[in-house]
Amino acid sequence: MKCLCDERGCDICGVEITEDAQPVTAHPFRRSTAFLFGNEGTGLSQKECEICDFFVYIPQYGGGTASLNVTVAASIVLHHFAVWAGFPERGREGNKFIVADRPQGHSRGLYCTDSIEAVIEERKMRKENACDILEENGSSHPQESNGLDLMFTD
């Protein structure tokens, strides 16, 4: 991931409560940014933290539990990034947002047009490929390995 970000000229922002983390409300962004969100229970791993250029956290207010579901956290952080980046607000018509036209070349709808046999075959191949990757990395048990660990091995 680090090489990809270097090639594309972007930072990697870890969303994690660290000593040097800045509140996302301060908009500490400098350029295009890739975001890395941790597990809801344990957060980012040490390896994941090492590849981050900087960290943000979401300020918590009031009493009660001070934690957020990872999808809620992602929504908040990406919203703040969009505001900082100056993305234009989506237009509204009545009480609905205007949906953008579908890009050219995207003819598939929101439903699967493949036959059930084709779907089964594709899923079977994905599973076999995943097992091959795990075996190459010394684990034949998927629960013993984390996909991110496989990506960040030395």
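**View 1. H80, a buried histidine in helix α3.** Skip its neighbours within four places in sequence, and H80 is in contact with V24, T25, H27 and F29, where contact means heavy atoms within 4.5 Å. A word on what you're looking at: this is a predicted model, in which local features need pLDDT of at least 70 and side-chain atom pairs count only at pLDDT 80 or more, while totals for chains, interfaces and linings use all residues. Residues are numbered from 1 along each chain as its sequence is written, and side-chain values use heavy atoms, with hydrogens and water left out.

**View 2. The cysteines C10, C13 and C52.** C13 is buried, at 0% relative accessible area, and C10 also counts as buried, at 11% relative accessibility. So what is the closest cysteine sulfur to that of C13? It belongs to C52, 7.2 Å away, so that's too far for a bond. A search of the whole structure turns up zero disulfides, a disulfide being a pair of cysteine sulfur atoms within 2.5 Å.

**View 3. The largest pocket and its lining.** About 440 Å³ of space lies in here. Helix α3 (70-85) and strand β4 (54-57) are the elements that give two or more residues to the lining. Of the 19 lining residues, V15, E16, I17, L68 and A73 lie nearest the centre. By class, the lining has 10 nonpolar, seven polar and two charged residues. Here a pocket is an open set of points on a 1 Å grid over the protein atoms alone, where a 1.4 Å probe fits, with protein on both sides within 12 Å along at least five of seven lines; lining residues have an atom within 4 Å of a point. The volume is the space filled by probe spheres set on the points. Ala, Val, Leu, Ile, Met, Phe, Trp, Tyr, Cys and Pro count as nonpolar, Asp, Glu, Lys and Arg as charged, and the others, Gly among them, as polar.

View 4. Reading from the N terminus, the order is α-β-β-β-α-β-α-β-β-α-α; helices (H or I, at least four residues) and strands (E, at least two) are DSSP runs. Of the 154 residues, 24% count as buried.

How values were computed: Buried < 20%, exposed > 50% of the residue type's maximum accessible area, 1.4 Å probe, protein only.
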